[in-house]
Amino acid sequence: MPKIVLSLSPLSAEIMKFLISQTPDVPDFEVIPGHEMSEERVKKTFSAADVVLGDYTFKQKITADIVSAARNLKFIQQPSVGYQHIDVAACTARRIKVANTAGANTVSVAEHTIAWGLCLLKNMFHAHTSTKLGGWAQMSIKPAEIKGKVWGIVGFGRIGQAVAERLNPFQLSRIIYYDTHRLEPSIEQEMGVEYAEMATILSQSDIISLHAPLTDATRNMIDEDALNSMKHGAYLINVARGELVDEKALAEAIMKGKIAGSGIDVFSEEPVTMDNPLMGVESERLLFSPHVAGVTDEAAGRIINMAAANIARVLKGEKPESLVN
């Protein structure tokens, strides 16, 4: 009997089968497309699946109820870094391994972060829109240099470290970071960064970029008090998880001029709706993107190839990589 791979992602079953088959000596298997399945049908198909490819659009959630239907399932491969739509605890209870594609979009997110920092400092959106409308705001745009600024990084995993690495050539006065796990001082010195407590990050940084995971401890970590503690004229960039920031408090902070602006790639509810308080803010230093920081063509290729290779490992009876449980 061929093994069954249930694909909840929108990629065609034929493409997934081709990619998984690129690994030599994979035993016979078939891929069942499940992106358009109803929740009831997904649950029924779970009972026959050996491996599941998760949904990178997060439309198809893997709940405890769906996991309860699994009979032969040994492995769920999520083709993204985030896996908040998967009930990992329920999977662990049933001895189902879950993996993501950690590191696949590190470069993409790091580049997006720095691009936004530059756009905010240079006031690029206002420069573009005012010129396009026929104006010549040469003396009112007031761009600033990144050189000599303090950049605070919250969350110093793969992406936070990649941001720091790419910031070094810009000659900032300091690159400071906060993480629950501090690096060895020798590594900090090699990377050109300094460890700082969160209060210091907030009060001393000209730009703060968020790269922390969403946990009970980090939810709404940037709330009204945190925003009030930020340096006047500072910028906040969130390319991590929308729930790290109290969006209503951020909207008020920008409207009242407590901080200069923000770059937001992630929202508490996605797709974002006009009910989100940030959407009502009129500011050319509040930049939005639809959760695309990690969705470059290059990252997408790495993600799907990593996922396919990991599924092939499991089908061959080997240990998968990038496990989260």
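Predicted model: local features only at pLDDT ≥ 70, side-chain atom pairs only at ≥ 80, totals over all residues.
Visitor: How many of the residues count as buried, as a percentage?
Guide: A residue is called buried when its relative accessible area is under 20%, and 48% of the 325 residues of the protein chain count as buried.

Visitor: Why does the radius of gyration agree with a compact globule?
Guide: A compact globule with 325 residues would have a radius of gyration near 20 Å, and the protein chain agrees because its own value is 22 Å. Along its principal axes, the C-alpha trace spans about 70 × 50 × 35 Å.

Visitor: Which residues touch the most other members of the largest nonpolar core?
Guide: In soluble globular proteins, nonpolar side chains tend to be buried together. Here the largest nonpolar core has 30 residues, and Ile222, Leu227, Leu236 and Leu250 touch the most other members. Several elements each supply at least two residues of this core, including strand 6 (150–154) and helix 10 (224–229), while helix 11 gives the largest share, five residues.

Visitor: What is leucine 236 in contact with, leaving aside its neighbours within four places in sequence?
Guide: Among the contacts of leucine 236 are Ile208, Leu210, Val245 and Ile259, as well as Gly261, Ser262 and Gly263. A second, separate core of 27 residues includes Ala110, Leu121, Ile146 and Tyr177.

Key
Residues numbered from 1 in each chain as written. Heavy atoms only, no water. Rg over C-alpha atoms; globule rule 2.2 N^0.38 Å. Buried < 20%, exposed > 50% of the residue type's maximum accessible area, 1.4 Å probe, protein only. Core = buried A, V, L, I, M, F, W, Y, C linked by side-chain atoms within 4.5 Å. Helix = DSSP H or I, 4+ residues; strand = E, 2+ residues; numbered from the N terminus. Contact = heavy atoms within 4.5 Å.
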